[in-house]
Structure formats: C-alpha cells, structure tokens
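Reader: I would like to work through this structure one feature at a time. Please give the general idea where there is one, then the case at hand.

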Amino acid sequence: MLLQVTQQRKPFHPTEEPNGSEKKEEHMGVLILQIGGRTIPVTWEENESIAELKRQAAKGNISILLSPYGGFEQVGSLGREYPSSDVRQTAESGDIMLYASSNVVLYYGSNTWAYTKLGHIDLPADEITALLGGDAVTLTIATASSYDSICGEVSVSASRQRGGE
C-alpha cells in the first residue's frame with residue numbers, strides 16, 4: 001500500500017524571530033537539526049516517526065555519528081527502533097529518511113528503497129553535497145526547548161508544527 005503525505009508543511013528556520021503573539025513554549029515540539037555544529041533548515045514530515053523523535057529529543061539531544069555510504073548518503077544508527085511506515089520511494093538530495101526502523105539516512109544523491117520519510121533539508125543541492133559528501137559527520141536532533149544546550153540562546157521560527165502530538 002502506497003501512503004503519501006499531502007499536508008502542507010512549513011520549514012523551520014531557527015534564525016528567524018517568533019512574532020510577538022507566539023511564546024517559546026509553543027515551539028517546544030519543534031525539531032532542530034544540526035550537522036557538524038551547524039543548524040540546518042528542515043521541513044519535517046508529520047508522522048508517528050517524527051512524533052517519537054520529538055518525544056525522545058525532549059528527554060535529551062539525540063547525537064548520531066553518520067558515515068558515508070555509496071557515494072550518495074550518510075547513515076547512522078539511532079540506537080533504538082522507531083515507529084515506521086516504510087514505502088518504496090526514491091530519495092533525493094536533502095531527504096532525511098528512517099531506514100529499517102533504527103537508522104537515519106541523509107541523502108546528497110538519490111536512491112530508491114523502502115523508507116519512512118522524516119523530512120527534507122531546505123538547502124541547495126550543492127550545499128547539501130558540501131555538508132554530507134565528505135567524511136563522517138555528527139548529526140544532532142534536538143527540540144526547541146533543548147536548543148539552548150546545543151546552540152545558545154533560543155531563537156525560533158514563527159512557523160509551528162502541527163500533528164503528531
């Protein structure tokens with residue numbers, strides 16, 4: 001069965017300021033991605049895998065050592081299984097996928113396999129290749145509430161994520 005996400009999602013850009021009517025607490029469920037210490041803009045999917053990542057990241061930052069594989073991706077173990085709904089699909093540059101329920105894969109090329117899509121890095125393909133196309137990198141996933149511990153002062157986007165929680 002092919003399942004396709006059709007909801008509109010807004011990218012999270014942690015360098016943007018929230019508008020005056022929103023509070024920091026509203027962003028506690030927002031996931032933040034860092035690669036090698038650089039905060040990366042991401043459009044996250046709205047699925048059970050992301051909901052569980054949010055729950056785990058709220059308990060403490062998730063750090064993963066990613067290793068290059070096949071000349072088109074970086075892959076690393078999440079250290080546990082997450083809910084998944086794998087669908088055969090073609091990953092493109094910037095896609096963030098859950099593979100075999102326990103591995104995160106970031107693409108700077110393309111590959112077709114059965115994955116659960118987690119999100120997409122909102123950078124040009126050449127920038128994604130520069131980030132991921134070399135040696136191993138460290139990936140950190142955090143929530144906005146734990147953003148201070150990896151980035152300093154919290155400055156979050158006015159875009160809110162819905163669903164999942």
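Reader: What covers the buried residues of helix 1?

Author: This is a predicted model, and the cover is read from contacts. What covers the buried residues of helix 1 includes strand 1 (31-35), strand 3 (42-44), strand 4 (62-69), strand 7, strand 9 (111-121) and strand 10 (137-143).

Reader: Which residues of helix 1 are buried?

Author: In general, an α-helix has 3.6 residues a turn, so residues three or four places apart point the same way. In helix 1 the buried residues are S49, I50, A51, E52, L53, K54, Q56 and A57.

Reader: How does the span of helix 1 compare with what its 12 residues should give?

Author: At 1.5 Å a residue, helix 1 should span 16 Å, and its end C-alpha atoms are 17 Å apart, which agrees.

Reader: What caps the N-terminal end of helix 1?

Author: N47 does, with a side-chain oxygen 3.1 Å from the backbone nitrogen of S49.

Reader: Now the charged pairs. How many salt bridges are there?

Author: Side chains of opposite charge can pair when their charged atoms come close. The count here comes to 5 salt bridges.

Reader: Which residues are linked in a network of salt bridges?

Author: The network links E48, E52, R55 and R80. R55 forms a salt bridge with E48, and their closest N and O atoms are 2.6 Å apart. R55 counts as partly exposed at 33% relative accessibility, and E48 is partly exposed too, with a relative accessible area of 42%. The side chains of R80 and E52 also meet in a salt bridge, at 2.9 Å from N to O. This pair links distant parts of the chain, 28 residues apart: R80 is in the loop between strand 5 and strand 6 (87-91), and E52 is in helix 1 (residues 48-59).

Reader: Are R80 and E52 buried or partly exposed?

Author: R80 counts as partly exposed at 31% relative accessibility, whereas E52 counts as buried at 12%. The cut-off for buried is under 20% relative accessible area.

Reader: Which parts does the salt bridge between E127 and R38 tie together?

Author: The side chains of E127 and R38 meet at 2.5 Å, N to O. E127 lies in helix 2 (residues 125-132) and R38 in strand 2 (residues 38-40), so the pair ties together parts that are 89 residues apart in sequence. E127 is partly exposed at 28% relative accessibility, and R38 is partly exposed with a relative accessible area of 35%.

Reader: Last, the backbone. Where is A100 found, and what is its phi?

Author: A100 is found in the loop between strand 7 (95-99) and strand 8 (103-107). A100 has a positive phi of about 55 degrees although it is not a glycine. S101, found in the loop between strand 7 and strand 8, has a positive phi of about 65 degrees, and S101 is not a glycine either.

Reader: What are the relative accessible areas of A100 and S101?

Author: A100 is partly exposed, at 38%, while S101 is buried, at 14%.

Technical notes. Residues numbered from 1 in each chain as written. Predicted model: local features only at pLDDT ≥ 70, side-chain atom pairs only at ≥ 80, totals over all residues. Heavy atoms only, no water. Helix = DSSP H or I, 4+ residues; strand = E, 2+ residues; numbered from the N terminus. Buried < 20%, exposed > 50% of the residue type's maximum accessible area, 1.4 Å probe, protein only. Salt bridge = Lys/Arg side-chain N within 4 Å of Asp/Glu carboxyl O. Expected span 1.5 Å × (residues − 1). Contact = heavy atoms within 4.5 Å. Polar contact = N/O pair within 3.5 Å; in protein donor to acceptor, adjacent residues only side chain to side chain.
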